[in-house]
Amino acid sequence: MWSSFCHWIQHTPVGTAVGGSDWAFPAIETVHLLGMILLVGSVATFDLRLLGFLMPRQSVSRLAGRLLPGAWVGFSVMAVTGTLLFASDAIRKYGPNPVFPIKMLLIFLAGVNMLIFHSGVYRRVENWDDAPVTPLRAKVAGCCSLLLWTGVITAGRWIGFA
Ligand code: HEM
């Protein structure tokens with residue numbers, strides 16, 4: 001199943017084009033990393049506000065409104081460019097790579113952490129919006145988010161050497 005998916009994606013016109021070009025992979029990887037700056041820059045700024053290290057006087061909901069759209073744009077850019085990088089060498093390099101599923105699992109867990117935060121403590125944000133010290137559950141979410149995205153970046157770098 002996984003191996004037929006890898007064969008299919010590598011033999012799509014886009015997979016063949018990226019895999020057969022000298023410049024496409026580094027160019028796409030550069031855009032992948034620009035997406036990472038947008039995603040992790042926005043998310044980490046928000047997480048540091050939850051933890052009380054940044055902008056203690058800034059309202060949490062206003063900061064979320066300003067930062068989270070950028071995080072979604074960054075994530076979309078990463079998902080598209082990451083898929084193109086994967087397609088360039090899916091059969092030999094990325095499909096069998098032991099670090100690739102670890103990276104996907106960490107991205108999934110970062111999403112679960114965000115869902116728990118938004119459907120839990122953030123639903124009553126009006127009670128602590130302007131407080132410099134946020135509730136413990138918000139701090140735990142911010143801490144988990146920083147750790148998980150650091151893990152995603154580490155796994156991303158590691159894939160090329162595994
Ligand atoms: C959502 C789907 C994603 C896919 C399918 C994907 C896939 C890939 C692939 C195939 C590579 C090339 C590995 C190599 O040969 O060096 C890569 C590199 C990388 N990715 Fe992703 N990625 C995704 C999202 C992310 C996210 C969300 C982050 C970080 C927040 C990230 C961080 C990195 C880093 C740091 C590298 C290494 C770049 C380098 O060595 O210069 N990726 N990714």
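**Fold**

The model is predicted. The chain holds seven helices and zero strands. Read from the N terminus, its elements run α-α-α-α-α-α-α. Along the principal axes, the C-alpha atoms of the chain fill a box of roughly 55 × 30 × 25 Å.

**The ligand and its shell**

The ligand takes up the space of the largest pocket. Around the ligand are 26 residues, and those that come nearest are Glu29, His32, Tyr94, Lys103 and Arg157. By type, the shell divides into 17 nonpolar, five polar and four charged residues.

Which helices each supply at least two residues of this shell? They are helix H3 (24–50), helix H4 (60–88), helix H5 (90–94), helix H6 (99–119) and helix H7 (136–159). H3 gives the largest share, with seven residues.

**Iron site**

The ligand carries an iron atom with two protein donors, His32 through NE2 and Lys103 through NZ. These donors lie 1.7 to 2.1 Å from the iron atom. Helix H3 contains His32 and helix H6 contains Lys103, so the pair ties together parts that are 71 residues apart in sequence.

The iron atom has six donor atoms, and the site is octahedral. Angles among the donor atoms run from 88 to 178°. For six octahedral donors, the ideal angles are 90 or 180 degrees.

| Residue | Ligand atom | Distance |
|---|---|---|
| Tyr94, polar side-chain atom | oxygen | 2.6 Å |
| Arg157, polar side-chain atom | oxygen | 2.8 Å |
| Lys93, side-chain N or O atom | oxygen | 3.3 Å |

Tyr94 and Arg157 are also among the residues that come nearest to the ligand.

Where does Ser21 sit? Ser21 is in the loop between helix H2 (13–19) and H3. Its side chain has polar atoms facing two backbone nitrogens. The backbone nitrogen of Ala24 is 2.9 Å from a polar atom of the Ser21 side chain. For the backbone nitrogen of Trp23, the distance to a polar atom of that side chain is 3.2 Å.

Terms used:
Residues are numbered from 1 along each chain as its sequence is written. This is a predicted model: local features need pLDDT of at least 70, side-chain atom pairs count only at pLDDT 80 or more; totals for chains, interfaces and linings use all residues. Side-chain values use heavy atoms; hydrogens and water are left out. A residue is near a molecule or strand if one of its heavy atoms lies within 4 Å of it. A polar contact is a pair of N or O atoms within 3.5 Å; within protein, one must be able to donate a hydrogen and the other to accept it, and residues adjacent in sequence count only if both atoms are side-chain atoms. On a 1 Å grid over the protein atoms alone, a cavity is a set of points where a 1.4 Å probe fits but cannot get out, and a pocket is an open set with protein on both sides within 12 Å along at least five of seven lines; lining residues have an atom within 4 Å of a point. A molecule sits in a cavity or pocket if more than half of its atoms lie within 2 Å of its grid points. Helices (H or I, at least four residues) and strands (E, at least two) are DSSP runs, numbered from the N terminus. Ala, Val, Leu, Ile, Met, Phe, Trp, Tyr, Cys and Pro count as nonpolar, Asp, Glu, Lys and Arg as charged, and the others, Gly among them, as polar. Donors are N, O and S atoms within 2.8 Å of the metal (3.2 Å for Na, K and Ca); water is not among the atoms, so sites may look incomplete. Four donors count as tetrahedral if all angles lie between 85 and 135 degrees; four count as square planar and six as octahedral if opposite donors are over 155 degrees apart and all others between 65 and 115; anything else is irregular.
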